[in-house]
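User: I would like to go through this structure by question and answer, starting with its surface and then turning to its backbone.

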Amino acid sequence: MVQNITEDEIEDVPCSDPNSPILTEYHITVPTLHDGLMHGTTHHERRLLDFLKATPTVQWLKKISLCSALTNFELPSADVHRYLHVRFIRRINWSSIFAVCKKWLKHPLNIALLIWLLCVAAAGSMLILLMLGLLNKAFPSKFLRNHWIEIDNQILNALFTLMSIYQHPYLIHHIVLLCRWRPEDAAELRKFYCNNGVCHPNERAHISFVVALLHITCICQYVDCGLYWGYPSISRSEFADNFFFILGIATPVFAGVYTVYGPLGRSSDALPDEETKERDTVQVELTETRTVVSNPAWAGGVFDCSEDPTACYLSFLCTFCVFGWNMERLGFGNMYVHTVMFLLLCVTPFWVFNITSLNIHDYVLGDVIGAAGIVLCFFGLLYGGFWRIQMRKTYGLPRSRWFCGSASLTDYVQWLFCWPCVLAQEVRTGNLYDAKDGSFYEKLMDGGDVESGAGSTVTTELPVSVGVEEGNSTGVKLSVDGEMIPPTQPLIEFEEREDTDAEIVTNGSIQLKS
């Protein structure tokens, strides 16, 4: 029978050490680096797993201190509580993690990437379990296990082939930029491959090496795809399959490590931008007065196709080409990259998934995979909706919230169910204004007059660069009659214009008068 023992009775019990602690309550503190465990060392930045370096020693055990309780352990026999207190280096801020994840998921491409990763994880997990024999009870026969291993391999092959095809247009565009290597091309490539987008010595060779590795990754996946689609599992070369699979995994890993820790990722090796370091000409400015549209509007409604029937017909018959052309003139990237990318998003899933369904030799699962490819082709139209959102936000165009009260969802739904009308509206809006540096300007007619458009306007002077030989005065402007005049501050006039005429004065600037 268990008896309750009081604290006074415990004190009367003899013990070997009179200084031993009472077992009623004691607390243990595990000291960390900043508590002075390693004396004589300099303080460094605290990290999440620094507590793993706190190796206990004899001196540390002798300096166990008493502190407040963190975790309770109950002893039912004696009604005594013991407390163990362990202090960690940092506390996880779950609210900030959730906020970052929520912000990351707002981008549709990130959502697509997450779905792709989940599909790869599901198929890969099942493949590993089958190969380890952990699903032998669910698939008792060897023939059935081999059949499902082949199905998982075909699904993973389709997923990785799809990702490689989507990435290849950008890589081909980067090869074109490397071959051309203009100042603006180098600046664009630095955003992808250089640390903080700064210039590095021999950066063209280093970037070419990284791009070549990424191309090898795509080519290896294409070869693996040909092996899986062209040969059955019995006659397929296992050596070739494993070789190209390992090479396709190793090259992007090496490219990422080389980009981060190689010459392109070193901040100490950064050089001044070569456009400013090796400049043969200096830029002088002529002023040209243009009218900024402060409150632009869409050119008609979504269904106002009669305003420009040609744009409507071309948007329906040549959707991908018209979309790429419109994106480039609005300043959203290369026309060919947008055209090919949009085409691949709407065609590739149907092609890849239906060929995969023919190679898995399972009618039910084959129909499911084929239907998934058709659905993904339909959702490829979301690419146009995404760039419509970017166009609306960049140029301050009016938003519509008729679907679930969200402007972004409204843009996506419009592109999904009536893409020719929406694209025609975007083309008409691009025809109405001149797009430059993220702003809309009034379009100039052939005779020099300004074409009136919707929205209020602001008159401003835009710089026009002209090159002169280095060594001359850099702070000059050219006039119409050849006279050199000192630079002046840009003139900004805020005025409501109804009937305006433009005339050129003798000092080379353009003024507007009522």
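User: Which helix gives the most to the nonpolar patch?

Analyst: This is a predicted model, in which local features need pLDDT of at least 70 and side-chain atom pairs count only at pLDDT 80 or more, while totals for chains, interfaces and linings use all residues. Residues are numbered from 1 along each chain as its sequence is written, and side-chain values use heavy atoms, with hydrogens and water left out. Helix 3 (94–105) and helix 4 (108–132) each supply at least two residues of the patch, helices being DSSP runs of H or I with at least four residues, numbered from the N terminus. With six residues, the one that gives the most is helix 4.

User: Is I111 buried, exposed or partly exposed?

Analyst: I111 sits in helix 4. The classes are buried under 20% relative accessible area, exposed over 50%, and partly exposed in between, with a 1.4 Å probe and protein chains only. Because its relative accessibility is 37%, I111 counts as partly exposed.

User: What is the phi of W181?

Analyst: W181 lies in the loop between helix 5 (142–180) and helix 6 (183–193), and it is buried, with a relative accessible area of 17%. Most residues other than glycine have a negative phi. W181 is not a glycine, yet its phi is positive, at about 50°.

User: Is H361 buried or exposed?

Analyst: H361 is found in the loop between helix 12 (335–359) and helix 13 (363–379), and it has a positive phi of about 55° although it is not a glycine. Since its relative accessible area is 65%, H361 is exposed.
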